Amino acid sequence: MRLPIIAAVLASSLVLLSCSKEEAEAPPPPFALTEDAMGRYCGMNVLEHPGPKGQIILEHTHEAIWFSSARDTLAFTMLPEEPRDIAAIYVSDMGKAPSWEEPGATNWVDARQAFYVIDSTEVGGMGTAEAVPFAKETDAQAFTKQHGGRIVAFDGVPQDYILGSDPASEAGPAPIGLEASEGGHDHG
């Protein structure tokens with residue numbers, strides 16, 4: 001009789017533990033883009049630039065680090081000098097964006113789940129080749145039909161495309177401070 005009670009207590013404990021673990025592991029929600037958002041690398045107002053934006057929330061902060069482009073957001077995850085304690089990474093879902101000039105204030109997608117169009121004819125907010133994010137692969141496919149490019153997952157975005165000059169693009173070199181680094185493809 002004692003064994004069933006112990007088993008029930010253990011089962012209940014495991015259920016509670018797994019629930020609290022899931023709650024603890026849930027990423028913080030994205031912040032809405034406002035006129036106060038300043039780009040991490042350019043130091044300019046994020047809203048002054050067209051194209052997709054990004055935000056990163058670190059584990060022990062309650063504010064977003066803003067980026068003027070999705071490309072700069074991905075660069076943060078690849079640069080060895082940036083913090084590794086990333087709690088969440090969000091990029092604009094361009095499938096829900098009102099336009100390229102107005103990518104939206106609340107249509108964020110988890111960057112690790114997004115589909116990215118690279119090598120397209122569109123340039124990002126800082127005038128460089130962009131990794132255009134979409135929540136749905138079908139939206140990314142529609143974009144490639146209109147603007148060219150190819151679709152890759154978060155882990156498939158080439159580090160050279162983000163950190164270095166993109167020889168396939170005439171958009172120019174990487175933004176200042178985003179020099180190419182040696183090593184593997186690490187999104188943190």
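Q: What does "buried" mean here, and what share of the residues in the protein is buried?

A: A residue is buried if its relative accessible area is under 20%, exposed if it is over 50%, and partly exposed in between, with a 1.4 Å probe and protein chains only. In this protein of 188 residues, buried residues make up 43%. The model is predicted, so local features need pLDDT of at least 70 and side-chain atom pairs count only at pLDDT 80 or more, while totals for chains, interfaces and linings use all residues. Residues are numbered from 1 along each chain as its sequence is written, and side-chain values use heavy atoms, leaving out hydrogens and water.

Q: How many helices and strands does the protein have, and in what order do they run?

A: Helices (H or I, at least four residues) and strands (E, at least two) are DSSP runs, numbered from the N terminus. Four helices and seven strands are present, in the order α-β-β-α-β-β-β-β-α-β-α from the N terminus on.

Q: Is strand 1 enclosed or open?

A: Strand 1 covers residues 54-58, and five of its five residues are buried, so the strand is largely enclosed by the rest of the structure. Gly54, Ile56 and Leu58 lie on one side and Gln55 and Ile57 on the other, and both faces are covered.

Q: Which strands pair with strand 1?

A: Two strands pair if DSSP finds at least two bridges between them. Strand 2 (residues 65-67) pairs with strand 1 in the antiparallel sense over three bridges, with Ile56 opposite Ile65. Six residues separate these two strands in a hairpin. Strand 3 (residues 86-92) also pairs with strand 1 in the antiparallel sense, over five bridges, and Ile86 is the bridge partner of Leu58.
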